[in-house]
Amino acid sequence: MIAVDILLDGVFAAIAAIGFGAISDPPMRAFPRIALLAAVGHALRFCLMSYASVDIATASLCAAVVIGLGSLWLGRGVRCPMTVLYIPALLPMIPGIYAYKTVFSLIMFLQSLNVPGEGVQYMQQFFLNATVSVSVIIMLAAGATLPIFIFSRRAFSLTRRRKQNQ
Amino acid sequence: MKSKQELTEILDFITEYATYLLGSGVHTSRVIRNSQRIGVSQGVDIQLSSFQKSIIITAHDEHSREAITRVVAIPALPISFERNSDLSALSWDALDERLPLDEIRRRYEKLIAKPRIDPIFVLITVGLANASFCRLFGGDWTAMGIVFTSTLVGFSARQQMQARGVNHFLVFIISAFLASLCASSALFFDCTAETALATSVLFLVPGVPLINGVIDIVDGHILIGVSRLINAMLLIICIAIGLSATLLMIKDSLL
């Protein structure tokens, strides 16, 4: 049952990555690899969070580093820069529910200014959710970018044609 | 040795190339590397610094000591990863195959004339994507169906407004409002309505400027990195405004 959960998580993440990626007009040849990266990344985060009880920010960082390294490895075959593969693959990990709750609690706070106890509670929720959303997004972006700087020589020449007959 | 005429031609092409890349959502250091690579293939030293809306670019010929500088506006183009990949590959081809400028320009024109992905295909895949996103957040099948439909409404509104050149902040506010309004119909059904509502606007999240901003800042292009992040923040605030309009209407049934 656990295996099915993980697999389903990966499949839905892959569909989400393809769709969100399609908005930014990626080359058709990159789609299978984007889907693979998104599935592996999201399933990894799902495992870390549900079976190893890692918090969402750390788990996102781990998943983002894996996606970044994966895009370095897979980019050469389709002559795509790393960002083309990893930006769509990261999108399914955006903490949507936390972002939504941030907006919701802000509105409720503004609506309950005259009710002393309630207002503080909503403000607390606002900061909690905002902190989680912002730190997860920073972790995602920074984690996937890390490999560019570690392996810069390889990362900068992914779109170079392989030298033939030389 | 390059004559002034040749140097101007090279600079004009590289300027067009660099602004096209920046307009299509490529991070700054890649644009600089690609432009300098084409410069090297033509025997010219290129230096450029980029801002949110314009670039300053100089071509310098070390032998004749001739230098030309231009300030050029960055066009507002839709984000395109395909152009990013193709044009980056072109810069390597220019260097490795020692292409003449005419040939580079010919290939460049061919690459930017390639058709983009069919909008209907994008619409359907975005709908499916947002529905599976809803599933990842623990939504049930009813919620997924509702998110699919409301994404279709929100995203087609966005496509239509963008095609007509409406201000992009307005586009984001209206699309977020329409999508969340449609998703609020989930309150009438026995399903995970809050998840549906939360997911319905997520197709608008400006992922590319957010991540490009972080890359630029880490790369040392802090000024443009911060500009990109502020731009992305403004768009996220617009999404929040659109969503708030719906929430204000239905908040009593959510509590």
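**Exercise 1. In what order do the elements of chain A run from the N terminus on?**

Step 1. Start at the N terminus of chain A and read along: the elements run α-α-α-α-α-α-α. Helices here are DSSP runs of H or I with at least four residues, strands are DSSP runs of E with at least two, and both are numbered from the N terminus.

Step 2. Count by type: chain A has seven helices and zero strands.

Step 3. Look at the overall extent. The C-alpha trace of chain A spans about 75 × 35 × 30 Å along its principal axes.

Step 4. Check burial. Of the 166 residues in chain A, 50% are buried; a residue is buried if 20 or more other C-beta atoms lie within 10 Å of its own, exposed if 12 or fewer, and partly exposed in between, with C-beta atoms placed from the backbone.

A note before going on: this is a predicted model, in which local features need pLDDT of at least 70 and side-chain atom pairs count only at pLDDT 80 or more, while totals for chains, interfaces and linings use all residues. Residues are numbered from 1 along each chain as its sequence is written, and chains are lettered from A and ligands numbered from 1 in the order in which they are written.

**Exercise 2. Work out how the three strands of chain B are arranged.**

Step 1. Find the order: the strands form an open sheet, β1-β2-β3, with antiparallel pairing. Two strands pair if DSSP finds at least two bridges between them.

Step 2. Find the edges. β1 (45-50) and β3 (66-73) of chain B each have a single partner strand, so one side of each is left without a neighbour in the sheet. From one strand to the next, the twist averages 15°.

Step 3. Follow β1(B) into β2(B). A hairpin joins them through three residues, and six bridges link the two strands.

Step 4. Continue to β3(B). Eight bridges join β2(B), residues 54-61, to β3(B). I55(B) stands opposite V72(B), and S54(B) has A73(B) as its bridge partner. This hairpin has four residues between the strands, and R65(B) takes a positive phi near 60°.

Step 5. See what packs on the sheet. Helix α1 (residues 4-23) of chain B touches β1, β2 and β3 of chain B, and its direction makes about 150° with that of β2(B). Axes are lines fitted to C-alpha atoms, for helices over the stretch in contact, and angles run from 0 to 180 degrees between N-to-C directions.

**Exercise 3. Which residues of β1(B) belong to the covered face, and which to the uncovered one?**

Step 1. Recall the pattern: in a regular strand the side chains alternate between the two faces of the sheet.

Step 2. Sort the residues. I46(B), L48(B) and S50(B) form the covered face, while D45(B), Q47(B) and S49(B) form the uncovered one.

**Exercise 4. Why is helix α8 (residues 193-200) of chain B described as largely enclosed?**

Step 1. Seven of its eight residues are buried, so α8(B) is largely enclosed by the rest of the structure. Among the buried residues are A193(B), L197(B) and S200(B).

Step 2. Identify the cover: it includes α5 of chain A, together with α5 (119-136), α6 (141-163) and α7 (168-183) of chain B.

**Exercise 5. How many residues does each chain bring to the contact?**

Step 1. Chain A brings 38 residues and chain B brings 46 residues. Two residues are in contact if their C-beta atoms, placed from the backbone, lie within 7 Å.

Step 2. On the chain A side, α1 (2-23), α4 (82-90), α5 (96-111) and α6 (116-150) each give two or more residues. α1(A) gives the most, with 10 residues.
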